[in-house]
Amino acid sequence: MALTETYTLSNGMEIPKVGFGTWQSKDGEEAYQAVKTALEVGYRHIDTAAVYGNEESVGRAIKDSGIARDKLFITTKLWDLGTTEDARAALDESLEKLGLDYVDLYLIHWPNPKAFRPNFAERNAAVWKAMEDGVKNNKVRAIGVSNFHPRHLEPLLEVAEIKPVVNQIMVNPSDQQEEVVAFNKAHDILTEAYSPLGTGKIFAITELADIADKYEKTVAQVVLRWSLHKGYLPLPKSVTASRIKENADIFDFDLSDEDIAFIDSLHGKAGLARNPDEVNH
Ligand SMILES: NC(=O)C1=CN([C@@H]2O[C@H](COP(=O)(O)OP(=O)(O)OC[C@H]3O[C@@H](n4cnc5c(N)ncnc54)[C@H](OP(=O)(O)O)[C@@H]3O)[C@@H](O)[C@H]2O)C=CC1
Ligand SMILES: O=C[C@H](O)[C@@H](O)[C@@H](O)[C@H](O)C(=O)O
């Protein structure tokens, strides 16, 4: 396993190429055990969010792992697009729940909550200021965004003193988000691929099983390998020990050009491709 392989972010920081997802991992034993297992099998990058309600369990697992803090990469996310002051308080609350002095990456979770739709650019700018302060106060090492589209990123890039290093969006073979991915690339923003397994729906694409058999790998491993091949940073989630291990065992093979091209052709196949403007909060 090579879970220590990294990408280099535009600010020079190293980020482990696979992150461990925790959305819908229930606060308490479930999230605690999942993160503990992930750290035991070698993941060094954990993705959580204030709205997941599991920061305390994630923090406890991190502490109990005994792994040195500087060997870990921890991400959490800001939910409410309130005032700059609200955002400062939200960061402090996340740090307290996690039991950490700093997080490695802090993201705006969604750009466009319904209540603020007409003035999302101002809302994003206000909270971005608090996130930049977080960097200056050493509470955060890097800042970024999630679920942002070019129309959200463009105004943010105009006002940002510290540029976003990451945009975390849904990317898997059935929802390839080409326009956002291209925009990210053009602005030196790393694409983190959330729901890399389509929250489990990717397994409905039966053709993937044939490819997996060929490499003596599982469908999950093939799909995650595809994500790495494209230069994305996949964030697989599982609360099942065997799957946590399986999803990390993706560094000893590569897919042929032909298989990559086939997987590229699966956009929309599991019914996951969506218009993000329709799902925004
Ligand atoms: N920024 C954002 O708005 C969002 C961020 N995310 C982040 O991305 C992470 C991953 O996305 P998520 O939507 O959770 O889903 P994934 O695409 O990672 O899929 C997780 C689902 O697949 C199952 N699964 C995992 N591994 C395997 C395997 N090897 N074989 C078969 N089934 C498997 C899991 O089951 P089980 O757990 O029961 O093993 C779970 O049901 C999130 O946890 C979160 O950290 C996700 C959504 C939105
Ligand atoms: O990160 C995961 C997703 O964004 C998730 O947090 C939201 O979709 C949330 O469940 C909601 O209901 O608003």
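Guide: A pocket here is an open set of grid points where a 1.4 Å probe fits, with protein on both sides within 12 Å along at least five of seven lines. The model is a predicted one.

Visitor: OK, what volume does the largest pocket have?

Guide: The largest pocket has about 750 Å³.

Visitor: Which residues lie nearest its centre?

Guide: Trp-23, Gln-24, Ser-195, Thr-199 and Lys-237, out of 34 lining residues. The elements that contribute two or more residues to that lining are β8 (166-170) and α9 (241-246).

Visitor: And how does the lining of the largest pocket split by class?

Guide: Into 14 nonpolar, 14 polar and 6 charged residues.

Visitor: What about the second largest pocket, how much space is in there?

Guide: About 210 Å³. Its lining has 13 residues, with Glu-14, Pro-16, Asp-70, Lys-71 and Leu-72 nearest the centre. By class, that lining has 5 nonpolar, 2 polar and 6 charged residues.

Visitor: Switching to the sheet. In what order do the strands run?

Guide: The order is β3-β4-β5-β6-β7-β8-β9-β10, an open sheet of 8 strands with parallel pairing. β3 (20-21) and β10 (233-234) are the edge strands; each has a single partner, so one side of each has no neighbour in the sheet.

Visitor: How many bridges join β3 to β4?

Guide: 2 bridges, and the strands run parallel. Phe-20 has Ile-46 in β4 as its bridge partner.

Visitor: Which strands does helix α3 touch?

Guide: Helix α3 (residues 84-98) packs on the sheet and touches β5, β6 and β7, with its direction at about 135 degrees to that of β6.

Visitor: What does UniProt list for residues 17-266?

Guide: An unreviewed UniProt entry lists "domain: NADP-dependent oxidoreductase" there. In the model, that span is 44% helix and 14% strand, and its end C-alpha atoms lie 23 Å apart.

Technical notes:
Residues are numbered from 1 along each chain as its sequence is written. Chains are lettered from A and ligands numbered from 1 in the order in which they are written. This is a predicted model: local features need pLDDT of at least 70, side-chain atom pairs count only at pLDDT 80 or more; totals for chains, interfaces and linings use all residues. Side-chain values use heavy atoms; hydrogens and water are left out. Two strands pair if DSSP finds at least two bridges between them. Helices (H or I, at least four residues) and strands (E, at least two) are DSSP runs, numbered from the N terminus. Contact means heavy atoms within 4.5 Å. Axes are lines fitted to C-alpha atoms, for helices over the stretch in contact, and angles run from 0 to 180 degrees between N-to-C directions. UniProt positions are given in the numbering used here, feature names are shortened, and annotations may be inferred rather than shown by experiment. On a 1 Å grid over the protein atoms alone, a cavity is a set of points where a 1.4 Å probe fits but cannot get out, and a pocket is an open set with protein on both sides within 12 Å along at least five of seven lines; lining residues have an atom within 4 Å of a point. Grid points are joined across faces, edges and corners, and a volume is the space filled by probe spheres set on the points. Ala, Val, Leu, Ile, Met, Phe, Trp, Tyr, Cys and Pro count as nonpolar, Asp, Glu, Lys and Arg as charged, and the others, Gly among them, as polar.
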